[in-house]
Amino acid sequence: MAIATVNPATGETVKVFEPLTAEQLDAKIELAQRRFEQYRHSTFEQRASWLAAAAQILVDEKERFGKIITLEMGKPLASAVAEVEKSAWVCRYYAETAAAALANHPIETDASRSFVCYQPLGVILAVMPWNFPFWQVFRFAAPALMAGNVGLLKHASNVPQSALAIEDVLARAGFPTGAFQTLLIGAAQVEQVIHDPRVKGAALTGSEPAGASLASAAGNQIKKTVLELGGSDPFVVLESADLEAAVATAVTARMISNGQSCIAAKRFIIQDSIAEAFTEQLLHRYAALKLGDPMLPDTEIGPLATPGILQELDEQVQAAIASGGKLLIGGNLEKLDPSLQQGSFYPPTILADLPPDSPARQQEFFGPVALLFRVPDLEAAITLANETSFGLGASAWTQIPEEVERLILGIEAGSVFVNGMVKSDPRLPFGGIKRSGYGRELGTEGIREFVNVKTIWVK
Ligand code: NAP
């Protein structure tokens, strides 16, 4: 895959970038390693002031950065600007909390003094996806830099301008040269980087195959990894739920980033008694969604990020229909407005009643496609919610306290949000179980992933 900005709304190739040569790549890793030896001795106060400056640059230039995001991956401009603001938030959050999260932690033992301290590991590689080109990177970079690590970013090949803009923000904020570098390299070069003895760990957010490939290479070298992979989050609505709020949130939760979010609600599991009303309201809202140029303020859904993603999603939808699924709306590229045919647009689609043996029930649909299921009761909802090999997030709607407790306990996922949509928040740990990955980003847990949790015992 070429490293290039291709506008997904028009198909136009805007700018192509040359990948780094082997020598250039080596020089960047060497710079990172040398920088780490000094950077690790900087104080929390110093790092926090740089990170706070980065937050300010993000806020000051959010419109410009938002346009880069929208140009490269197609989400509506307002969401792109909001993403930049959220990136500033995670910078401020770690600037303010890192010192406390990584402070020495005394533990009483038979020693005269024993405690745990947290020390940086060194050069950490981040392999990142295009769906939140700024947010995904900053939620890695902010804790990594505050912990005293230095970062190397291998961003998705379709968002090179975002990758370079982020490197520039951190440099302008004052971080020393080499503390955070963008590597314009293809996926095939990642293995070489993780094999390099100067690189001490890696975080990857992306698909299962990419995660498995990076984790095997890192495992081979006994290096720490954090994996944030795919999801097929359930959105459970039970009889007592506030139906109107649930339906409105269902649409937002499915459509975030044009349907391309790991924690988007993807499977809607509705109790029989309210299924008809829920479906009717959902269809009504789906039909009203406005597809179009993501730079325009009234556009709600932009294009998918690449033609390949569009093709894959359409094939999945057609296979799901062939396997017995009922198409309620969308699912037909030919019916799209001719003005959208040049871009990678996909119509908002709802599929219902997939039979138990349909392979689609196990898949992640990375686009504006909702799968609708009906269940008789709470226990059937939990069983269905846990049916896939994923375990990222889950949203559940009920007003009955006993049902809330049962859902919290029963759903296999890295997070359960009750009467609200799954969302990331700098203060809350984020990550999955099962094939959605391991390790955590954000919160105190996130900043403790790439550190040496060192035990000290002094007599
Ligand atoms: P992807 O193809 O896995 O790409 C993600 C990153 O991995 C890109 O930088 C890509 O580089 C790189 N990559 C691809 N194959 C690789 C390999 N074999 N070895 C090393 N690196 C490799 O994922 P995507 O399709 O762009 O993103 C969508 C997926 O990410 C979905 O499954 C989604 O659920 C998941 N995701 C998860 C989270 C989370 O927090 N759990 C958040 C966002 C997205 P190239 O671009 O150069 O191929």
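The second largest cavity is lined by 14 residues, and those nearest its centre are Pro234, Phe390, Gly391, Gly393 and Glu412. A cavity here is a set of points, on a 1 Å grid over the protein atoms alone, where a 1.4 Å probe fits but cannot get out, and a lining residue has an atom within 4 Å of such a point. This is a predicted model, in which local features need pLDDT of at least 70 and side-chain atom pairs count only at pLDDT 80 or more, while totals for chains, interfaces and linings use all residues. Residues are numbered from 1 along each chain as its sequence is written, and side-chain values use heavy atoms, with hydrogens and water left out.

The volume of the second largest cavity is about 50 Å³, a volume being the space filled by probe spheres set on grid points joined across faces, edges and corners. Two strands, β10 (233-237) and β15 (390-391), each supply at least two residues of its lining. Strands (E, at least two residues) and helices (H or I, at least four) are DSSP runs numbered from the N terminus. The lining of this cavity divides into 6 nonpolar, 5 polar and 3 charged residues. Nonpolar means Ala, Val, Leu, Ile, Met, Phe, Trp, Tyr, Cys and Pro, charged means Asp, Glu, Lys and Arg, and the others, Gly among them, are polar.

The model has 4 cavities of 30 Å³ or more. Of the 13 residues that line the largest cavity, Phe140, Pro143, Gly446, Glu449 and Phe450 are the closest to its centre. Helices α5 (135-146) and α14 (443-447) each give at least two residues to this lining, and α5 has the largest share, with 4 residues. By class, the lining of the largest cavity holds 7 nonpolar, 2 polar and 4 charged residues.

Conventions: On a 1 Å grid over the protein atoms alone, a cavity is a set of points where a 1.4 Å probe fits but cannot get out, and a pocket is an open set with protein on both sides within 12 Å along at least five of seven lines; lining residues have an atom within 4 Å of a point.
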